[in-house]
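User: I would like to learn how to read a few features of a protein model. Could you take me through them step by step?

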Amino acid sequence: MKLIKSVAAAALFATFGQAIAVDNASGGFKVHEVSREAIPLTVSFAGTVTADKTLQLTAQMPGRIAEIAGQEGDRFGAGTVLVELDDSGLLARLEAAVASRDSAAADIRNARVQLDRELYSPRSNSAGSAPGGMGMPAMMDQMFANPMQNMMGMRDRGTERTSDLVGAETQLAQATTRYKTAEANIREIQSMLRDTKGVAPFSGVIQKVHVEVGDTVQPGQPLMDFSESAALVVEADLPVRLSRTLTLGLPLDVAINGDQVLQAPVSRIHPVADPRQNTVRIELSLPSDAGATPGQYVEIRVPDNAAQMPAQ
């Protein structure tokens, strides 16, 4: 009879949110407080670890591969020349362009001197410019013969002076044009020389090398894939209904290597969904000590708060 009463009492207290246990030793009852707790529902999705920055070095001009800094997995700092084309032909062209510029500079100096001479000591005033000299000494020609020739219409000293000035100015302009052309050629060749070197814009690791030393490449041909090694992100595709519940900076659980679980904040939510799969891609920023590598598979655990949201 006592056992039946205990069972009935336990059922009565359980109705009011209390659990009752029978103490057989003392014959009494122990009351334990219980509470209601909501267990969050999480959904797991597959994710891939990628580098925050990834670039592909491509050939900007035709040439032969002269040097490759390393192979897949090697790390290099910013500013390192990762791949280089043979530039011997461009260096020869650069020397020729520099020589053309120096020659044009010399022509400019000579043209300026000739122009100054025409301005301050015109050739049209010299006695030697008179045809035949009329058989007189140079001074007499300067004093009498030249003015007489000008008066008799045999020559026009003003026209001659203008012609000499225009000729000197033309020579100066042509020399200046040749100098500018040589300067433009030098800048063009220097730009092409820069294109022969693939430089790392940030510290990272070589993911893949597409060529070998000695290969001949054409513009646009892939040379090397290079990715940042310091910052890693996790990319995953989530259903649209779950992506709506996420905000930037929200930490999510990420399982790496099966048993290692860490939290990574949401760094980006892509604004456009995939129309075929009805998913939205999100990115999580991994901490620097996560121990993950690009291309690694991870598991993302997302709270299913959308289950309580009204259907849109």
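Analyst: What follows goes through a sheet, a residue in that sheet, a loop residue and a pocket. The model is predicted.

User: In what order do the four strands of the open sheet run?

Analyst: Strands of a sheet pair through backbone hydrogen bonds, either parallel or antiparallel. Here the order is β4-β11-β9-β6, with antiparallel pairing. The edge strands, β4 (54-58) and β6 (75-76), each pair on one side only. Strand β9 (residues 204-209) pairs with β11 over five bridges, and V209 stands opposite M224 in β11.

User: Is S227 buried or exposed?

Analyst: Buried means under 20% relative accessible area. S227 has 0% relative accessibility, so it counts as buried. S227 lies in strand β11 (residues 222-228). Its side chain makes a polar contact of 3.1 Å with the side chain of Q207. Beyond its neighbours within four places in sequence, S227 is in contact with several residues, including A51, K53, T54 and F202.

User: What is the phi of N278?

Analyst: Most residues other than glycine have a negative phi. N278 is not a glycine, yet its phi is positive, about 55°. N278 sits in the loop between β14 (260-269) and β15 (279-285).

User: How much space lies in the largest pocket, and which residues are closest to its centre?

Analyst: The largest pocket holds about 170 Å³ of space. Of its 13 lining residues, R75, S229, L232, A292 and P294 are the closest to the centre. By class, the lining has seven nonpolar, four polar and two charged residues.

Definitions and conventions
Residues numbered from 1 in each chain as written. Predicted model: local features only at pLDDT ≥ 70, side-chain atom pairs only at ≥ 80, totals over all residues. Heavy atoms only, no water. Helix = DSSP H or I, 4+ residues; strand = E, 2+ residues; numbered from the N terminus. 1 Å grid on protein atoms, 1.4 Å probe; cavity = no way out; pocket = protein on both sides within 12 Å on 5 of 7 lines; lining within 4 Å. Points joined across faces, edges and corners; volume = space filled by probe spheres on them. Nonpolar A, V, L, I, M, F, W, Y, C, P; charged D, E, K, R; others polar. Buried < 20%, exposed > 50% of the residue type's maximum accessible area, 1.4 Å probe, protein only. Polar contact = N/O pair within 3.5 Å; in protein donor to acceptor, adjacent residues only side chain to side chain. Contact = heavy atoms within 4.5 Å. Pairing = 2+ DSSP bridges.
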